[in-house]
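Please find below my notes on the model under review. They are set out as numbered points, to be read beside the sequence and the structure.

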Amino acid sequence: MITKTQRHGLTPLTESALLAALTVVMAMIAVYIPVIGMLASLVWALPIVVLTVRHGLRQGIMALLVSGLIMAMLIEPLLSLRMVLSFGLPGIVLGVCFQREYGGAKTLGITMASSVAAKIMSLMIVLAVTGLNPLSMSVDALKESFDMTFSIYSGLGADEAALNATKEDMDESVKMFSLLMPLVIVLMGAVDTTVNYVVAGRVMKRLGHFAPTLPPFIEWRLPIFFLYLFAFSLIGLYWGTTREIASLYQASLNCYMLTVFAGLLQGFSLVYYVADRFNLGTFWLVLITLVILLSGILTQVLSFTGLFDMFFDYRRRFGGGTGR
């Protein structure tokens, strides 16, 4: 049987070599070119995903290892290892999910979990090799940039009282950012997984392969697990504060913020469902979305509404929508 690759004059080995070379080129762009490099790093594993879908897990792993070795020689070994772990392994997982024709939600969930785990593994390796915590270094760099900015404004004769007030606010923001570093890792995993899922899905369709699809946004239903996690996070915040347990407070704070994001996503799905039921136009839907996002109170209300929708299923109860 002649495959599409062979009809186009490419053997699996040749295609693997080309895609591995493309991975190295994208890594060079990600490291050395500002702005564009950030975009390149998000889709760096795309050739690995394509290769895994078209030629199997073994070819995908081999190409990832070869490109990692070349990157180690051309760029820097530790950085190469971090990219292979943080982006390459989730790319392999995404390719396997596409190849096995999993559904959209299952593919996203499995790949996102692998992405977060890979990023944690990468950070642990850096800590073990260098003795430096990349998360602490990021916070320190943020503090230094703020201090430098304030010193410049102070040298220009800005009002000291206003500068001190702003500096206190910034210090609180940096402190909160440092506490929410675990959540930042989760969000990073969610972002690169979503980007690769969308881009890889379009590429696979163009190449004639299966690409999983998600249900329409108005039908999205997140697991009720987030509502339970929200309740436990409130208890943890109370205990962590009153009993001065810093680790419990930080863990609960991250869980709380994660559930707030999940509730907001579910809440917007509910809003879009209602808008669809009442045939609201795009203009009104965009306006409602902007008003909610720009209002802290409305954002919180919608987030809590989304969390309780996971349990009560308002669409089924009041709108005749699909249930779980």
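What percentage of the 324 residues of the protein chain count as buried?

1. Overall architecture. The model is a predicted one. Of the 324 residues in the protein chain, 37% count as buried. The chain contains 15 helices and zero strands. Along the principal axes, its C-alpha atoms fill a box of roughly 70 × 60 × 40 Å.

2. Helix H10. This helix covers residues 181–206, 26 residues in number, and the distance from its first C-alpha to its last is 38 Å, close to the 38 Å expected at 1.5 Å a residue. Its buried residues include Leu-183, Ile-185, Gly-189, Asp-192, Asn-196, Tyr-197, Ala-200 and Met-204. As background, residues three or four places apart point the same way, because an α-helix has 3.6 residues a turn. After H10 comes Gly-208, which has a positive phi near 85°.

3. The whole structure holds four salt bridges. In one of them Asp-192 pairs with Lys-119, with 2.6 Å between the closest N and O atoms. Asp-192 belongs to helix H10 and Lys-119 to helix H7 (residues 104–130), so this pair ties together parts that are 73 residues apart in sequence. Both partners, Asp-192 and Lys-119, are buried.

4. Salt bridge between two loops. Arg-221 forms a salt bridge with Asp-313, and their closest N and O atoms are 2.8 Å apart. Arg-221 sits in the loop between H10 and helix H11 (225–242), while Asp-313 sits in the loop between helix H14 (296–312) and helix H15 (314–319); the pair therefore ties together parts that are 92 residues apart in sequence. Arg-221 and Asp-313 are both buried. Arg-316 joins these two residues in a network of salt bridges.

5. Arg-315 and Asp-309. The side chains of these two residues also meet in a salt bridge, at 2.9 Å from N to O. Arg-315 and Asp-309 are both buried.

6. Negative surface patch. Which residues form the negative surface patch? They are Asp-140, Glu-144, Asp-147, Glu-168, Asp-169, Asp-171 and Glu-172. Helix H8 (134–155) and helix H9 (160–179) each contribute at least two residues to the patch, and H9 provides the largest share, four residues.

7. Glu-168 is found in helix H9. Is Glu-168 buried or exposed? Glu-168 counts as exposed because its relative accessible area is 54%, and the cut-off for that class is over 50%.

Notes. Residues numbered from 1 in each chain as written. Predicted model: local features only at pLDDT ≥ 70, side-chain atom pairs only at ≥ 80, totals over all residues. Heavy atoms only, no water. Patch = residues over 30% accessible without salt bridge, like charges linked within 9 Å, V, L, I, M, F, W, Y side chains within 5 Å. Areas by Shrake-Rupley, 256 points an atom, 1.4 Å probe, with all protein chains shown as cover. Lys, Arg positive; Asp, Glu negative; His and termini not counted. Charge placed at Lys NZ, Arg CZ, Asp CG, Glu CD. Buried < 20%, exposed > 50% of the residue type's maximum accessible area, 1.4 Å probe, protein only. Expected span 1.5 Å × (residues − 1).
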